[in-house]
Amino acid sequence: MDNQEIISTRDLSIGFPPAGSQTSATVVGSDINVNLQGGEIVCLLGPNGSGKSTLIRTLAGLHRPLDGRVQLSGHNIDELANREKAQQISTVLTDRLTIGNLSVYELVAFGRSPYTGWFGSLTEQDEEIVSWAIRSTGIEHFVDRDVLRISDGERQKVMIARALAQDTEGILLDEPTAHLDLPNRVEVMRLLRKLAHQTQKAILLSTHELDLALKAADTLWLINRKGQVITGTPEDLVLDGTFEAVFERDSFDFDRSTGSFTLHHPQKEPVHLTGDTVGVFWTRRALEREGHRVTESNGTELQVKVQQDSNTFSWQFIKGNTTTRCESMKALLDELNDR
Ligand SMILES: Nc1ncnc2c1ncn2[C@@H]1O[C@H](COP(=O)(O)OP(=O)(O)OP(=O)(O)O)[C@@H](O)[C@H]1O
């Protein structure tokens, strides 16, 4: 993997200067030392209000740091002209579009403006890049439509296409999957991952899709409620407890053994669960939803054995000396709950 540093920060503080009668600045995050390298996809995660958008806007040079520095390929971002910045990083923000009378194709083609100027005409090479961006994001079927007459999800893909057309080494995206349905979310994440790996672009995106981010990111940047940014591979951050700590809440827990969040604290008796992998996976879900703790160690009063015969599942429910065969999950749950 190419390790070229595209964006880096030195002792960066992010936030908002005093406004109105305020005497001090609102500090959202401080002592931020991160770097974004070519060829990697980084997901920026953190609770609501932790500072993801503020960090992305600051890295993009759209928001002034309270302190410290942002560097683009080793140059202080403040010393670069807007056009130079736009040739190095593109951003996809959550702001709504307000311009009308513009087709989707024209908006994507605006991605080329750092090279052509606002009213510059596209060369054949520019047009090829615009077509590639349109194809890559799968928006060919509505390129002639007015940008104000497309759905939120469609607009999100158009904005990603515009960033791709800008053809920069770094791409920063604030919640690019927010309005997309699941297949499109997976598709966009796959596309961004492919771009990072095949074209050595550095891609940073903020998201609330924790599950998808854990699966897709090479690196996570986690912002906690104190505005500290902790970085690492997803698995390291899960295994050392950092991930869990950042999202700690009374109402749910992160389960390291499954990599998912559990909504319910176990209050009922533990159940020893065994059987085929798929059957165990779905049975575990149902048991945990009902408030049972599922254990792999023997010696519990309650036991469930999942059996699979081609596509048909059945469950043996063992309570003390009594074994009951259940033909559906519902029947198993009824037995468990003595209904
Ligand atoms: N103009 C402003 N002046 C002062 N504080 C602000 C301003 N805009 C946002 N904030 C505060 O800065 C903090 C960080 O906001 P930011 O939008 O960066 O968080 P976020 O992690 O992107 O949130 P979310 O996940 O909800 O989108 C929040 O506490 C927010 O209330």
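Q: Starting with Gln 200, why is it called partly exposed?
A: Gln 200 is partly exposed because 16 other C-beta atoms lie within 10 Å. The cut-offs are these: a residue is buried if 20 or more other C-beta atoms lie within 10 Å of its own, exposed if 12 or fewer, and partly exposed in between, with C-beta atoms placed from the backbone.

Q: And what sort of model am I looking at?
A: This is a predicted model, in which local features need pLDDT of at least 70 and side-chain atom pairs count only at pLDDT 80 or more, while totals for chains, interfaces and linings use all residues. Residues are numbered from 1 along each chain as its sequence is written.

Q: OK, back to Gln 200, where is it found?
A: Gln 200 is in the loop between α7 (182–199) and β9, and its phi is positive, about 60°, although it is not a glycine.

Q: What about the phi of Asp 31?
A: Asp 31, which is also not a glycine, has a positive phi near 55°. Asp 31 belongs to strand β2, and it counts as partly exposed because it has 13 C-beta neighbours inside 10 Å.

Q: Changing topic, how many helices and strands are there in the protein?
A: The protein has 12 helices and 18 strands. Its C-alpha trace spans about 80 × 50 × 45 Å along the principal axes, and 34% of the 339 residues count as buried.

Q: What domains does the assignment give?
A: Domain 1 covers 5–250 and domain 2 covers 268–336, with bounds that come from an automatic or database domain assignment. Taken over C-alpha atoms, the centres of the two domains are separated by 44 Å.

Q: Now strand β4, is it mostly covered or mostly open?
A: Strand β4 (residues 41–45) is mostly covered, with five of its five residues buried. Ile 41, Cys 43 and Leu 45 lie on one side and Val 42 and Leu 44 on the other, and both faces are covered.

Q: Which strands do bridges join to β4?
A: Four bridges join β4 to strand β9 (residues 202–206), and the two run parallel; another partner is β10 (residues 219–223), also parallel and also joined by four bridges. Strands are said to pair if DSSP finds at least two bridges between them. Val 42 stands opposite Leu 204 in β9, while Leu 45 has Leu 222 of β10 as its bridge partner.

Q: What is Val 42 in contact with, leaving aside its neighbours within four places in sequence?
A: With those neighbours set aside, Val 42 is in contact (C-beta atoms, placed from the backbone, within 7 Å) with Leu 36, Ile 203, Leu 204, Ala 217, Asp 218, Thr 219 and Trp 221.

Q: Finally, what surrounds the ligand?
A: The residues around the ligand include Phe 16, Asn 48, Ser 50 and Lys 52, where a residue is near if its C-beta atom, placed from the backbone, lies within 6 Å.

Technical notes. Two residues are in contact if their C-beta atoms, placed from the backbone, lie within 7 Å.
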